[in-house]
Amino acid sequence: MSDPMRVRATEKDGIVDVKILMKHDMESGQRKDASGKVIPAWFISALNVKAQGKDVFNAQFGPAVSKDPFLNFKYKGAKGDKLVVNWVDTKGDKRTDEATVS
Amino acid sequence: MKTLMMTSTKHLFLVFLGCGALAISANVSAQQKADPQFEKMMKNSFRAEGIAGLDRIDQDATQKFCSDPIFASSKAGAAKAIEIQKINMATIKQPTDGKYVGDWKSGEAIAQSGRGATWTDTATTPIGGGCYNCHEIDKKEISYGNIGPSLWNYGKNRGYSQEVMTYTWNRINNSKAYNACSNMPRFAHFKLLNEKQIQDLMALLLDPQSPVNQ
Amino acid sequence: MNQQRRALIKYSAVFGLMASAGLISVAQAEEWNKAAFEGKSLDDVFKSLGASSPDKSSAVTLNAPDIAENGAVVPVGISTTLKAEQMAILVEKNPSTLAAQFFLPAGTEPFVTTRIKMGQTSNVYALVKADGKWSMAVKEIKVTLGGCGG
Amino acid sequence: MAPVSALLKRCLMSSLLIAFGQGAFAQTAADDIAKYREMIADGNPSELYEMSGEELWKKPAGPKNTTLEKCDLGLGPGVVDGAAAVLPKYFKDTNRVQDLESRLMTCMDKLQGIPSQGIIDAKFGAGPKKDMDAIVAYIVTHSKGKKINVSTAHPKEKEMYAMGKRAFFFQGGPFDFSCASCHGASGKRIRLQDLPNITTQEGAALGWGYWPAYRVSSGQFWTMQQRLNDCFRQQRFPFPIYGSDVTIALSMYMAKNANGGMIQTPGLKR
């Protein structure tokens, strides 16, 4: 099972600032291991964020997003909003974490 | 100072010897003594891994001398430094084919690479010169270190005389021949670079066509 | 139902999984643009995004450093005064040009920051789609060699 | 350094600086690098390690199925806050000076029954060392903002400092490098990376205070043990054994020199 995400969300003047750190190797398919064999691509390909059950952000990643991906976005919301963050990777592994806007 | 720099390396070298000779007279401090406890710690703290054997922490005279900066910078140390420089000068061989200048393009690649000789390398991993780690060389490379002096316009400033050739050859082969505790590795002494590679590095600095001299 | 099943089969296994797991709605999965992520040039990606030739616009800001100390992590942000519904980051000299794209529902600010890998010094493009029209900003980011190199 | 070489160095450096304006050129690049660092500072992936480290600290493990919550890191059993700011330190129960990692190995051994050898032999970032990395991230995060306050009052601490100092200047290997080759003078860089001068308080605080750190170049969280290990690799030395005295002695030398500086861990490094 994958490691949890770190989700920080703070509200100011009606705007919620969301920062997400995900634990993922984001293998690009360009790297070689010690024996010279190409390490196959394996990366988070899509991410969805819902606030109070409604989509606020969708991202699609290619292999060029950095290891342990970081995302920062903002939406119109309020303190106490319940965020649900989902991602899925190219092997079908997935992860869901929740956070409350402070 | 600027003029001194621009004239010739020989003059620099003479200043050098002059200072060294002055320093020989007084002899107060001595090199730090062997400390059995320290040696025991070093012996017990490392293990061989890949090509990096434990013999790598057996010091030669130069390394031992330079591991004691207090003594090395003392007056007595200055006399010893001359001795160390002589030992190192004696190891330098001039190019077997009499050629000092090779191909600056290969030289640039060698100067860029900082690889080789670690325990994650193999005996056949090409060893780089790692020159940009410490020197500015071709101005186009903005990622350069400053532990050593800039080498931009190296030949353009010094000229391409045999004197400059020999000095530079020697300095790349074994920098400790001129400065006992130079931070620069002894590339020929430890067989880090071969003769061809050193000729190519020479070209980077001393081929009038090299981008360094534009 | 039948129609939906057929649609699912068309997607890569991954997105089928995503959809069947209920993580991402079928509508979104349909939008996932495999061709765009496999594009090897700016034109490939522009075409796949339906952005034939985006205009450079001062309304789009690409927030990124001039020099990256390491190509493995290059911070890149896009913001705009336009009412953005979609954004994308493209790296001209990467093996695959499109790094990431984002979909912003109404109520989400036209702002995003992420981190990308760059194999070498390259132009980086920030694309913004607003009112069905694509605009962009471009900036060269220098990727430097660092450390001892060993 | 011998006066001769000092003179040569001064001649070369100053004349080159004047003649070619090297300083100004490098400054622009340095400013750009500073901007880059500022941009990535927000969102340090060390946090991901810290999260799992906290879990591991509080989760029963090992043959004794015990947590680490009673581990004495120097400020008493179970005290995590500020513990990293006083290490390395002499511990009576083991009768030796220990750094964070070697002390954690003692706790894992004594409290949980996990033998240290398996941790020492593991590859970095794998197996029990992966857990160790996370636990270290958790501990050091709880010293962030604390003043570095390392003691050399105990004779064994004093001795460790002296040995660390000697090890710092010890040259060896085919490159003739010591720690001091790169970290013994101020204002120096390798490529575009600033090299803290560990022989000064300011420089030592910049080094010691920012490690352990997440390295963006490798995408890994590195403990100080791993940082030192890779320094020795680049020095072309043989392999320093995990938790060995030379690593603790060097840590003691750095930490003591850094006294009064601020712990900023976990850092975020190139």
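In which loop of chain A is Asp25(A) found? Asp25(A) sits in the loop between β2 (15-21) and β3 (44-51) of chain A, where helices (H or I, at least four residues) and strands (E, at least two) are DSSP runs numbered from the N terminus. This is a predicted model, in which local features need pLDDT of at least 70 and side-chain atom pairs count only at pLDDT 80 or more, while totals for chains, interfaces and linings use all residues. Residues are numbered from 1 along each chain as its sequence is written, and chains are lettered from A and ligands numbered from 1 in the order in which they are written.

A residue is called buried if 20 or more other C-beta atoms, placed from the backbone, lie within 10 Å of its own, exposed if 12 or fewer do, and partly exposed in between. Because Asp25(A) has 14 C-beta neighbours inside 10 Å, it counts as partly exposed. Two residues are in contact if their C-beta atoms, placed from the backbone, lie within 7 Å; when its neighbours within four places in sequence are left aside, Asp25(A) is in contact with Trp42(A) and Lys67(A). Between Asp25(A) and Asn86(A) there are 61 residues of separation in sequence and 17 Å in space, C-alpha to C-alpha.

**Chains B and C**

Chain B contains eleven helices and one strand, arranged along the sequence as α-α-α-β-α-α-α-α-α-α-α-α, whereas chain C contains five helices and nine strands, which run from the N terminus as α-α-α-α-α-β-β-β-β-β-β-β-β-β. Of the 214 residues of chain B, 47% count as buried, and in chain C the buried residues make up 51% of 150. Where chains B and C touch, the contact takes nine residues from chain B and six from chain C. The residues on the chain C side divide into two nonpolar, four polar and no charged, with Ala, Val, Leu, Ile, Met, Phe, Trp, Tyr, Cys and Pro counted as nonpolar, Asp, Glu, Lys and Arg as charged, and the others, Gly among them, as polar.

**Helices of chain D**

| Helix pair | Angle | Axes |
|---|---|---|
| α9(D) (201-208) and α11(D) (245-258) | roughly 120° | within 7 Å |
| α4(D) (100-112) and α6(D) (127-141) | about 115° | 11 Å apart |

Angles under 35 degrees count as roughly parallel, over 145 as roughly antiparallel, 65 to 115 as roughly perpendicular and the rest as oblique; α4(D) is therefore roughly perpendicular to α6(D), and α9(D) and α11(D) are therefore oblique to each other. The contact of α9(D) with α11(D) has six nonpolar, three polar and no charged residues, among them Trp208(D) of α9(D) and Met254(D) of α11(D).

In helix α7 (residues 155-168) of chain D, the 14 residues should span 20 Å at 1.5 Å a residue, and the end C-alpha atoms are 20 Å apart, which agrees; the expected span is 1.5 Å times one less than the number of residues. Met160(D), Tyr161(D), Met163(D), Gly164(D), Ala167(D) and Phe168(D) are buried in α7(D). These buried residues pack against α3 (36-45) of chain B together with β2 (96-98), α8 (179-183) and α11 of chain D.

Conventions
Axes fitted to C-alpha atoms, helices over the stretch in contact; angles between N-to-C directions.
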